[in-house]
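Walk through this structure with me. We begin with a sheet and then turn to backbone angles.

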Amino acid sequence: MRRPPTFPVMPSSTSPSTPPSDHPDPALDPALDPALDPAARRQGDRYVVTPADVEAFRRDGYVHLPGVMSDEEMAEIEAVYDRFLRGEIAVEGKDFNDMTTGEHGTDPSGYAVVNVMLPRRYFPAWQDNPFERRARSIAEQLCGEGMTIDFDQLLAKSPGRPDAVFHWHQDQAYWIDTDDRRTATCWLAVDDSTLENGCMQFLPGSHREPVRPHRPLHGDRSASHTLVTDLRPDDVMRPVEIRRGDITVHNEGVLHGSGGNTSASSYRRAYIVALRSESTVAEERRRGFTHSHNDAGEVLDDVDGLHA
């Protein structure tokens, strides 16, 4: 069984040893400090992460950060994003696929969950865009120094697709074991993300356990890249609805997934930038692991979830 992460967990501000105050510290609650409204938290390439955000990330394995990207910045991201969806930017092999079936190289209009891996590889002009730069600053505030971009990804659910389910999993299950597993996966909502259209759901605190056993959704990994695990009877998932321009940030171990898109007209598009420790990224590349679905089969079969 692979080991769980080892970073310390900060105590909850509402634990018995730290009773709630009648006068909360504004530095711990951005809602109490007008200077920390979302627009003010965007400071060029930097986004201000509060101590409360850090505490939530360490306690729960994820955190919601509002207004990381402005309306104008989102319009620029959306323009490139939709070029990928229309097929105007070429993507190689399995890196453009349906995450629910593994189908690739066919008409994507029928895909339940359109998945584009490594868009920054296939459209180099997108590298070092404002979201990447702001994500770097967030990762360093949440995880410490020495964080770098490991991969990026686009995930899009069309309306009226209740089958657009991203099954329960832990990201580390998809990845090889390394010594420094610090991770900040920044999940940007390109559309408002709601329960109806398939928002993210997390199991708070599950990152403190070892990686659970996972299995391929269909047959083996040559048939389907997707890995799944089972919920336990006492697992209670927490839906996190966020607005366009907001992000969630999650670590490598928190269990999560999302439901189908049952809305009549609302897309649910997400743009993911995952940052990991520099030593982990170097070790992945040394072993031929790039997060491409086109990576060699022996590399994809050596991931943690298949050996838990």
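An open sheet of 4 strands runs in the order β7-β14-β9-β12, with antiparallel pairing. Its edge strands are β7 (166-169) and β12 (238-240), each of which pairs on one side only. From one strand to the next, the twist averages 25°. Strands here are DSSP runs of E with at least two residues, helices are runs of H or I with at least four residues, and both are numbered from the N terminus. Two strands pair if DSSP finds at least two bridges between them.

The model is predicted: local features need pLDDT of at least 70, side-chain atom pairs count only at pLDDT 80 or more, and totals for chains, interfaces and linings use all residues. Residues are numbered from 1 along each chain as its sequence is written, and side-chain values use heavy atoms, without hydrogens and water.

F166 has S258 as its bridge partner in β14.

Now the backbone. Most residues other than glycine have a negative phi. L118 has a positive phi, near 55°. It lies in the loop between β5 (113-117) and α4 (119-122). L118 counts as buried because its relative accessibility is 5%; buried means under 20% relative accessible area, exposed over 50%, and partly exposed in between (1.4 Å probe, protein chains only).

D128 also has a positive phi, near 65°. Its place is the loop between α4 and α5 (130-143). At 40% relative accessibility, D128 is partly exposed.

Note on methods. Axes fitted to C-alpha atoms, helices over the stretch in contact; angles between N-to-C directions.
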